[in-house]
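Could you walk me through this model, one place at a time?

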Amino acid sequence: MTGSAWKRFTETFFNTKVMLTYLPDILSGVVVTIELALLIVVTGIAAGLALALLRSLAIRPINWLIIFIVDMFRSLPPLVVIVLIYFGLPSVNISPSGFVSTWLSLAFVLMAFSEEIFWAGITSVAKGQWEAARSTGLSFGQTLVNVVLPQAFRLTIPPLTNRTIAITKGTALGTVVAVTEILGQASSAMSNSYNPSPLMMGAAAYLVLFLPVVVAARFIETRFAWKR
Amino acid sequence: MTAPIVDARGVHKHFGALHVLKGVDLRVAERELVFVIGPSGSGKSTLLRCLNRLEEPSAGSIVVDGIDMLDPRTDINHARQRIGMVFQSFNLYPHMTALGNVTLALRKVAGKSRAKADSLAQAALERVGLGDRAGHTPGQLSGGQQQRVAIARAIALEPRVMLFDEPTSALDPELVGSVLEVMRSLRESGMTMIVVSHEMGFARNAADRVVFMDEGAIVEEGPPAKIFENPAHERTRAFIGQIQRH
């Protein structure tokens, strides 16, 4: 590569001047992404656990409803859900912001997947554990909380971590409904500067945010591998 | 017989089309050790599990220590404290230590403080000879030790009756002895016990009565010497013969 070609390359993708100009925008995008991600993780997993617990009560019509909802959100592409909420709900006079639409959509999707993961964890605990606990007089709820869930959680943590990362990265979809998260900031910066350097910054920001989480997940997977 | 501590009458159990218990009567006196034997599928485990309502009987009545177990008004969790149960596969909680396994119900069901529960659990573990294993998790214990922790978990609640569902069937032969030893000392302390097991040697020495079940009904019952040496029924004779050939 000749010197001038290299220069053109860095000026296009790593243009210092452009980068410095738009750094504050990207950083504000990082804050929005973090807010969105935390909201999705907390509400999505909490709702998923709540549904799995409800399902363990084995009330048939309720379980059919849970399975229907869960399968629906597992089948729909997250972007479709976001667009449905953002562009669909206003026709019934509810106008959620892009931020709220993205949060709700991804939280529903995470709820659906985490319900299935928690449910798989609960059902994988041997029937004998229930019987032993109940035979000592523990109630259904006490058995669930003290005996079954601690064992179920151990099994659910690795798949749940992976799924959570996958869905949380979907915050970038919010850019379609004008959420000023990282990708949204980066692409508007690119349009304004006629230079793709802000996109590179955006990609770097995602790496800084998610790489540690991915590494942590790898550690958690080893740490929680089932030892007998 | 004085008023029985376990009084089951006309117990039926259906699993779908399968009629597993066909009107079983079982009365057990206080301090009695009753052995229930029979071929697999004869309904002996199901009978045991009906006594503390792990299985819901389809018909019949079950009274344990004066409590009508099948009355919907009975607080089943309270009643179960009086009926200890030991399972073939131990069913210890793998995420807790031996001590934690024993203290859980003491704290959550019997309402003991943590300190009180710990000392009661430690005493129960010492009774089964595992006082020095309190901090071990089930994965760190042998099968025989696990089963003894399971016995400690049950007796710590001071039950009036103990149910044993094939307590030694999952154990390596060399570990059976330690579990039987604990059961023998429990029996000497006056515990009422109903044992489903094929440990015929133990039955001969320790049982007051042997009940032979086949096809969901009690075929005959009597003192171990009578059932083992001189059974009245052909089916009993055939079963005892098969077991002793091994």
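Gln146(B) sits in helix H5 of chain B, which covers residues 143-155. Helices here are DSSP runs of H or I with at least four residues, strands are runs of E with at least two, and both are numbered from the N terminus. Is Gln146(B) buried or exposed? Gln146(B) counts as buried because its relative accessibility is 17%, and buried means under 20% relative accessible area, exposed means over 50%, and partly exposed is in between (1.4 Å probe, protein chains only). Leaving out residues up to four places away in sequence, Gln146(B) touches Phe90(B), Leu92(B), Pro138(B) and Leu141(B); a contact means heavy atoms within 4.5 Å.

Before going on, a word on what you are looking at. This is a predicted model, in which local features need pLDDT of at least 70 and side-chain atom pairs count only at pLDDT 80 or more, while totals for chains, interfaces and linings use all residues. Residues are numbered from 1 along each chain as its sequence is written, chains are lettered from A and ligands numbered from 1 in the order in which they are written, and side-chain values use heavy atoms, with hydrogens and water left out.

Next, find Val179(B) in helix H6 of chain B, residues 173-188. Val179(B) has a relative accessible area of 0%, so it is buried. Apart from neighbours within four places in sequence, Val179(B) is in contact with Gly144(B), Gln147(B), Arg148(B), Ile151(B), Thr168(B) and Leu171(B).

Glu158(B) is in the loop between H5 and strand S7 (161-165) of chain B. Its phi is near 50°, a positive value in a residue other than glycine. Glu158(B) is exposed, because its relative accessible area is 64%. Asn93(A) has a relative accessible area of 74%, so it is exposed.

On a 1 Å grid over the protein atoms alone, a cavity is a set of points where a 1.4 Å probe fits but cannot get out, and a pocket is an open set with protein on both sides within 12 Å along at least five of seven lines; lining residues have an atom within 4 Å of a point. Grid points are joined across faces, edges and corners, and a volume is the space filled by probe spheres set on the points.

How many cavities of 30 Å³ or more does the structure hold? There is 1, and the largest cavity has about 40 Å³ of space. Its lining includes Ser135(A) and Thr136(A) as well as Arg80(B) and Leu157(B). Strand S6 of chain B (residues 83-86) gives the largest share of that lining, 3 residues.

The second largest pocket has a volume of about 320 Å³. Its lining has 15 residues, with Val41(A), Thr164(A), Ile165(A), Thr168(A) and Val213(A) nearest its centre. Helix H2 (16-56), helix H7 (140-168) and helix H9 (197-223) of chain A each give two or more residues to this lining.

Finally, step back to chain A, which has 9 helices and 0 strands. Its C-alpha atoms fill a box of roughly 80 × 50 × 25 Å along the principal axes. Of its 228 residues, 40% count as buried.
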